[in-house]
Amino acid sequence: MMGASSLFSQQCNIIYVTPTGAASGSAGTKANPAELTYALSLVTATNDQIWLAEGTYNISSKLDLISDVTIEGGFDGGTWQKSNGLTSLIYRSNANIITAPNSLIALSGDNLSNFRLQDIEVKTDNASGISTTTYALHLNGSDNYVLCRSEFTSGNGTDGTDGSPGNIGT
C-alpha cells in the first residue's frame, strides 16, 4: 500500500500527464496526473521525464520546450504501461496566432539542448488570417536533441497580402 506522501510526490523523476489532468496543485503523479501545460511548469532538475497517456492534448497556445527534458507518449493512463498501439497527440488549434511575423506554432524550442521527444504526434490546425505560417515543431539555435518515433504535421498556412499593381506598359 502506498503512503500518502508517495501519492502526491513525483515518482522516479516522472511527471504523469493525461489530457484531462489537473492544472494546479499537487499533480503529476500516477494518482493525480497533470495536464500538459501544467506538467511543463512542474519540471525540475530531478523531475525531468514527462509521460503522456494516450489521447488528444488540445492546446490553444504554443508550448515552449525545456532543455534536459524528455516528453514521451504512448502510455496507458490507467496502468502507465507503454504500448506502440497507443497514440499521444498534441493538437494545436488556430487560436492565438503569434504576430510579427504571423505564425501558428505547436511546440517551440529556442536555444535548447539535450531534450527528447519520443512516441508523440504533433499537429497544427490550418492557419487563419493573412500571411500566417504553421509549424508543428519550431526549433531555433537548438542542439543535441532527439526526435524518436514521432510525427509532426503542420496545417496549411495562409496566403500573403496582394502586391501593388505594376506600372502601365508603354
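Student: Which residue in S6 is the bridge partner of Gly-55?
Tutor: The bridge partner of Gly-55 in S6 is Ser-88, where strands are DSSP runs of E with at least two residues, numbered from the N terminus. This is a predicted model, in which local features need pLDDT of at least 70 and side-chain atom pairs count only at pLDDT 80 or more, while totals for chains, interfaces and linings use all residues. Residues are numbered from 1 along each chain as its sequence is written, and side-chain values use heavy atoms, with hydrogens and water left out.

Student: In what sense do S3 and S6 pair, and over how many bridges?
Tutor: Strand S3, residues 55-59, and S6 pair in the parallel sense over five bridges; two strands count as paired if DSSP finds at least two bridges between them.

Student: And what about S6 and S9, how many bridges there?
Tutor: S6 and strand S9, which spans residues 121-124, pair in the parallel sense over four bridges, and within S9 the bridge partner of Arg-92 is Thr-124.

Student: Is S6 mostly covered or mostly open?
Tutor: Strand S6, residues 88-92, is mostly covered, with four of its five residues buried, where buried means under 20% relative accessible area, exposed means over 50%, and partly exposed lies in between, using a 1.4 Å probe and protein chains only.

Student: Switching topic, how many salt bridges are found in the whole structure?
Tutor: A search of the whole structure finds four, a salt bridge being a side-chain nitrogen of Lys or Arg within 4 Å of a carboxyl oxygen of Asp or Glu. One of them joins Asp-64 and Lys-62, whose closest N and O atoms are 2.5 Å apart; Asp-64 counts as partly exposed at 43% relative accessibility, and Lys-62 counts as partly exposed at 29%.

Student: Which residue does Lys-82 form a salt bridge with?
Tutor: Lys-82 forms a salt bridge with Asp-119, the closest N and O atoms being 2.6 Å apart. This pair links distant parts of the chain, 37 residues apart, with Lys-82 in the loop between strand S5 (70-75) and S6, and Asp-119 in the loop between strand S8 (116-118) and S9.

Student: Is Asp-119 buried or exposed?
Tutor: Asp-119 is buried, with a relative accessible area of 12%, whereas Lys-82 counts as partly exposed at 33%.

Student: What about Arg-149 and Asp-119, where do their side chains meet?
Tutor: They meet in a salt bridge at 2.8 Å, N to O. Arg-149 lies in the loop between strand S11 (146-148) and strand S12 (151-153) and Asp-119 in the loop between S8 and S9, so the pair ties together parts 30 residues apart in sequence.

Student: Which residues end up in one network?
Tutor: Salt bridges that share partners join Glu-72, Lys-82, Asp-119 and Arg-149 into one network.
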